[in-house]
Amino acid sequence: MARILIAEDNDDLRCLVVRALSDDGHDLVATTDGATALAALKAHNGEFDLLLTDVKMPVMDGIALALATGRDHPEIAIMLMTGHADQRERAQPLDALVHDVIAKPFSVEQIKGAVREALVQRH
């Protein structure tokens, strides 16, 4: 399966996403903010298939993380998660870089399906 980097500051949601994607057999690295995710990207030499990041996080938000990832690792598919309509609008300039923006709240099946689609379209 795929190697996925998750950046989500909400503990409950991060655990839900990790559990859901683990069930599908993915290899996951979960972080609590964009800066930690960027450090994980560097530590793992960018060897991820997908970055799944919240838009609004402390330290470094998902927009900045997506921009840095796209610049340094253009082969990594990027998906954003947000529960805020205004944050979806902030992500619009990243359309060429970001595969999808998934709205919170989402179900386990919705996140699994969105990740599957992003990984298929990546290849």
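# Close-up views of a predicted model

**View 1. At the start of helix 3, the backbone nitrogen of isoleucine 63 has a side-chain oxygen of aspartate 61 within 3.2 Å.** This is a predicted model, in which local features need pLDDT of at least 70 and side-chain atom pairs count only at pLDDT 80 or more, while totals for chains, interfaces and linings use all residues. Residues are numbered from 1 along each chain as its sequence is written, and side-chain values use heavy atoms, leaving out hydrogens and water. Aspartate 61 sits in the loop that links strand 3 (50–54) to helix 3 (62–72). A polar atom of the aspartate 61 side chain also lies 2.8 Å from the backbone nitrogen of alanine 64. Such polar contacts are pairs of N or O atoms within 3.5 Å; within protein, one atom must be able to donate a hydrogen and the other to accept it, and residues adjacent in sequence count only if both atoms are side-chain atoms. Is aspartate 61 buried or exposed? Aspartate 61 is buried, since its relative accessible area is 18%; buried means under 20%, exposed over 50% and partly exposed in between, with a 1.4 Å probe and protein chains only. The buried residues of helix 3 include Gly62, Ile63 and Leu65.

**View 2. The protein chain has five helices and five strands.** Helices (H or I, at least four residues) and strands (E, at least two) are DSSP runs, numbered from the N terminus. If you follow the sequence, the elements come in the pattern β-α-β-α-β-α-β-α-β-α. The chain has 123 residues, of which 50% count as buried. For contacts (heavy atoms within 4.5 Å) between residues at least 6 apart in sequence, 64% join residues at least 24 apart. The chain exposes about 6,000 Å², with carbon and sulfur atoms supplying 50% of it; the area comes from the Shrake-Rupley method with a 1.4 Å probe, and for residues only the protein chains shown count as cover.

**View 3. Strand 3 pairs with strand 1 (3–7) and with strand 4 (77–82).** Two strands pair if DSSP finds at least two bridges between them. Strand 1 and strand 3 are parallel and share four bridges, with isoleucine 6 standing opposite leucine 52. Strand 3 and strand 4 also run parallel, joined by five bridges, and here threonine 53 has leucine 80 as its bridge partner. How many of the five residues of strand 3 are buried? Five of the five are buried, and the strand is mostly covered. Leu50, Leu52 and Asp54 point one way from the strand, while Leu51 and Thr53 point the other way.

**View 4. Helix 5 (residues 108–122) has a buried side and an exposed side.** Its 15 residues reach 21 Å from the first C-alpha to the last, close to the 21 Å expected at 1.5 Å a residue; the expected span is 1.5 Å times one less than the number of residues. Ile111, Lys112, Ala114, Val115, Ala118 and Leu119 are buried. They cover an arc of only 165 degrees around the axis, so they lie on the same side of helix 5; the arc is that of the directions from the helix axis to the C-beta atoms. As a reminder, an α-helix has 3.6 residues a turn, so residues three or four places apart point the same way. The buried residues of helix 5 pack against strand 1, helix 1 (11–23), strand 3, strand 4 and strand 5 (100–103). On the other side, Glu109, Val120 and Gln121 are exposed. Glutamate 109 has a relative accessibility of 53%. Although 89 residues separate glutamate 109 from alanine 20 in sequence, their C-alpha atoms are 8.1 Å apart.

View 5. Most residues other than glycine have a negative phi, and most peptide bonds are trans.
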